[in-house]
Every structure is written in structure tokens, then in C-alpha cells.
Amino acid sequence: METRGYKNIMEEIVEVLVVTLLAGPEYQTFCKCKKCRNDVIALSLNSLPPQYATTQENRQRVYESYNQPSMRKWVNKRIISSLHIVNKYPQHKG
Ligand SMILES: [Zn+2]
């Protein structure tokens, strides 16, 4: 856990899923710059409920519940919609 003692575990989950999706063949043409990636992560997190944890045990419980296929599908759906929005309206310079 971080020094402040609590963390939104959804941040970790979404970060990993965004990087994984962007590496896949479906999103080959999508911009992978840091700005776009951060925008996808932020947009996804705004549409998902935060899951704060204060201990490793809590964190593990959050991971387990989001590892269920139905939850994974639900989270992926939100990330994919954010990917499409950022791809259509990129905020990066140039
Ligand atoms: Zn970009």
C-alpha cells in the first residue's frame, strides 16, 4: 500500500487492461502516445466505481471480484468505449 494508506485499486486494474488492449491487434491503428493512453485511463475511471483498499488483503479481494468473467467484460466494455472516444477526439499535440 502507498504511504497515504489507501488506494483506488481500479486505477491499477484499468491501467493494465488499457495497456493490454492497446497492444492487441484490434487497436493497431489507435494512437499509443502517453497523452492518449492517460486520457483513455482517466475517461474509463470516470465511468467506473472506485474500489478503495487499505490493506493488501482488501486489494486482493477487489482483484478477485474483478477477475470474474462478467465483471471483466463489464470493465472492458467501458474501456473500449473510452478508447473509441479518445481515438476520435485525440487531445495530443500535433
Ligand atoms: Zn496520442
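Predicted model: local features only at pLDDT ≥ 70, side-chain atom pairs only at ≥ 80, totals over all residues.

Q: Thanks! Which protein atoms are the donors of the zinc ion?
A: They are Cys31 (SG), Cys33 (SG), Cys36 (SG) and His92 (ND1), at 1.9 to 2.3 Å from the zinc ion. Donors here are N, O and S atoms within 2.8 Å of the metal (3.2 Å for Na, K and Ca); water is not among the atoms, so sites may look incomplete.

Q: And how are the donors of the zinc ion spaced along the chain?
A: They follow C-x1-C-x2-C-x55-H.

Q: What about cysteine 36, buried or exposed?
A: Cysteine 36 is buried, at 3% relative accessibility, while cysteine 31 is partly exposed at 32%. Buried means under 20% relative accessible area, exposed over 50%, and partly exposed in between (1.4 Å probe, protein chains only).

Q: Switching topic: which residues touch the most other members of the largest nonpolar core?
A: Met10, Ile13, Val14, Val18, Val75, Ile79 and Leu83 do, out of 22 residues in that core. Two or more residues each come from α1 (9-23), α2 (34-46), α3 (56-66) and α4 (69-88), and α1 gives the largest share, 8 residues. Such a core is a set of buried Ala, Val, Leu, Ile, Met, Phe, Trp, Tyr and Cys residues joined through side-chain atoms within 4.5 Å. The helices (H or I, at least four residues) are DSSP runs, numbered from the N terminus.

Q: What does valine 75 touch?
A: Leaving out residues up to four places away in sequence, valine 75 touches Met10, Leu17, Leu48 and Tyr66. Contact means heavy atoms within 4.5 Å.

Q: Now salt bridges: how many?
A: The count is 4, taking a side-chain nitrogen of Lys or Arg within 4 Å of a carboxyl oxygen of Asp or Glu. One of them joins lysine 7 and glutamate 12 (3.1 Å, N to O). Another links aspartate 39 to lysine 35, also with 3.1 Å between the closest N and O atoms.

Q: How far apart in helix α2 are aspartate 39 and lysine 35?
A: They are 4 residues apart, so about one helical turn separates them.

Key:
Residues numbered from 1 in each chain as written. Heavy atoms only, no water.
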